[in-house]
Each structure stands twice: as C-alpha cells, then as structure tokens.
Amino acid sequence: MERITIKTAQEIELMREACRVTATILDEVGEIIRPGMSTEEINSFVHRRTVELGAIPSPLNYKGFPKSVCVSPNDVICHGIPAPFVILKEGDIVNIDVTSFKNGFHGDSSRMFFVGGEAACTPEARELVYATREALMVGIREVRPGKRVGDIGAAIQQFIKETKRGYGIVKEYTGHGLGREFHEAPQVVHVGKRGTGDALKPGMTFTIEPMINAGSAKTALSKVDGWTVRTADGSLSAQWEHTVLVTDAGHEIMTQSPKGLF
Ligand code: MF3
Ligand code: CO
Ligand code: CO
C-alpha cells in the first residue's frame, strides 16, 4: 500500500490557497447557476475563474477527462461531463465538483445546487440533498488524531441508516488523500467499521465525499462516454465534498466557503 503523506506547515499554507480558489469558485457558481443554462456554460465559467485566480483546473485531461469540472445532475452520481446539450432545468438537483491546482497542490470540493431555487425542487430531492450534506459533516466530525479512517465511514453509514429512508451509499467511488497528487492514499470509503483502517495523524489531508442514492446503491458507468456514473435504478443521487486537514486539535475544513455558504 502507498504511504499517506504528512504535509509540513509550509505545504499546508500553500495547499490552503488551492482550497480557497476551489471554495471561491463554488460560491460564485451558486450566484450564476440558473434554469436554461447548459452544463457547458458551467464548465466555461469554472475554467475561466480558475485561470483568473491563478490556478489550473485539475480535472482537465486527468486520465483523459475532457472538461474542467464535473457536473452531475439528478440521477448522475459523479463524473458528469459538461456538454452544450445538457440543459439544467427548474427543479433539477445538480452536483458541481471543482478541483483547483495551485502552488503545486490540489483543493477538491463539491456542493449540490437546487436549479431554480429550493422551492422548485421536490421534498424528496431536498431531503436527499440535506441528508447527504449532514452525512459529510458527520464524517468530518470524526476527524482527529487517534481516530481511524474506518471511523469516518462507520459514522456516515450509521447516520444514513438512522434516516430510515432506505438510501443507498455508493461504494465504488470514495474520498481520497490529496495534496501534490489529485488522488493519493488513503482511500476514504463512506461505509466502514469503527477502529479499522489507517490511523489519522496531524498533517494528513484527504477528502470526504459521500454519494447517497435515493434508491439502490448500485451504479452504472456510461458505455457512451466511459465517465458518467448513474444510479442503476434511475433514482436521484446527491454528493457533497470537502478537503479536510487533520490538526493536533482535530481538523480543519480547508475548502470552507469564504462567504460562509458551506
Ligand atoms: N473531483 C473528483 C473527486 O472528488 C474527481 C474527478 S476526476 C475527473 O475525486 F477526471 F472526473 F475529473
Ligand atoms: Co471532487
Ligand atoms: Co475528491
């Protein structure tokens, strides 16, 4: 197994800037997203703002990914490819996943947006979106020295079970260490067993990014583009993601919204 890198105080300072770019762009996406917009327009916006903020969009050309941001509406779980023919409509829920590379480091975060406003979306969609955000926060609350990676997944799994909504937790895609690499050790699975997995130590940086389906946890990878991951049963899916640092005292959310939005 690949070793988990421990970032120095200096490296963390550099990485904070990449994370701040990511969070700033997500704040801005919230201001421009509207019904009738194509996901290609979201891509153009994210690409332009990333460059203006002195960063590079990490997804572009990553393992052949053709765009600068992942845009995943409704039953798309993750890795949706922006396209001019994908039009966001009132009542859609959509995940926007931004990763910026600056100072030699990556910052990775994603949020859900209600297209046309929260009131335009069904109660089922709203409930899924908020439960998934809470699942992320429940996972983040586990992060401190002395805890293990498995504690994060266990807490998320327990929380989702307690909602008694029959939601499915996606297992095939996970959180991940990041820093100088987009994806590095450890793998952060969103289910698990307490007291298992790598021990959390100050200076570790990784994402937590639960993907929760309103129906079955089963996923289907698009045979057309080889990237888009959908729910196998066509049910809605939600995801929220933060980059987190393990500190002596506990944790720091590195991709916190500068405007206090998330
Ligand atoms: N940002 C995604 C994650 O959270 C990864 C996207 S990989 C891409 O890990 F190639 F699709 F961009
Ligand atoms: Co991401
Ligand atoms: Co990620």
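Does Y62 count as buried, partly exposed or exposed, and at what relative accessibility?

Reply: Y62 counts as partly exposed, because its relative accessibility is 22%; buried means under 20% relative accessible area, exposed over 50%, and partly exposed in between, with a 1.4 Å probe and protein chains only. The model is predicted, so local features need pLDDT of at least 70 and side-chain atom pairs pLDDT 80 or more, while totals for chains, interfaces and linings use all residues. Residues are numbered from 1 along each chain as its sequence is written, chains are lettered from A and ligands numbered from 1 in the order written, and side-chain values use heavy atoms, without hydrogens or water.

There are four aromatic pairs, a pair being rings of Phe, Tyr and Trp (its six-membered ring) with centres within 6.5 Å, called stacked if the planes are under 30 degrees apart, edge-to-face if over 60 and tilted otherwise. Y62 belongs to the loop between β1 (56-57) and β2 (70-73), F182 to the loop between β7 (175-177) and β8 (184-188), so their contact ties together parts 120 residues apart in sequence. Helices (H or I, at least four residues) and strands (E, at least two) are DSSP runs numbered from the N terminus. F182 is buried, because its relative accessible area is 10%.

F114 and Y130 form another tilted pair, 5.7 Å centre to centre with 55° between the planes. F114 is in strand β5 (residues 105-114) and Y130 in helix α3 (residues 123-140), so this pair joins parts 16 residues apart in sequence. At 17% relative accessible area F114 is buried, whereas Y130, at 29%, is partly exposed.

A ring is also involved where the charged end of R133 sits over W240, 5.4 Å from the ring centre; this requires CZ of Arg or NZ of Lys within 6 Å of the centre and within 35 degrees of the ring normal.

The cobalt ion (ligand 3) has D108 (OD), H176 (NE2), E209 (OE) and E241 (OE) as protein donors, at 2.0 to 2.2 Å. Donors are N, O and S atoms within 2.8 Å of the metal (3.2 Å for Na, K and Ca), and since water is not among the atoms, sites may look incomplete. D108 bridges this ion and the cobalt ion (ligand 2), the two lying 3.2 Å apart. D108, in strand β5, and E209, in the loop between β9 (205-208) and β10 (211-213), are 101 residues apart, and both residues are buried.

The structure also holds 18 salt bridges, each a side-chain nitrogen of Lys or Arg within 4 Å of a carboxyl oxygen of Asp or Glu. One of them joins E11 and R180 at 3.2 Å, N to O, linking helix α1 (residues 9-32) to the loop between β7 and β8, 169 residues apart. E11 is buried at 19% relative accessible area, while R180 is partly exposed at 46%.

R16 and E252 meet in a salt bridge of 2.7 Å, N to O. R16 lies in helix α1 and E252 in strand β15 (residues 251-253), so the pair connects parts 236 residues apart in sequence. R16 is partly exposed at 26% relative accessible area, and E252 likewise counts as partly exposed at 23%. Finally, salt bridges link E28, R48, R49 and E52 in a network.
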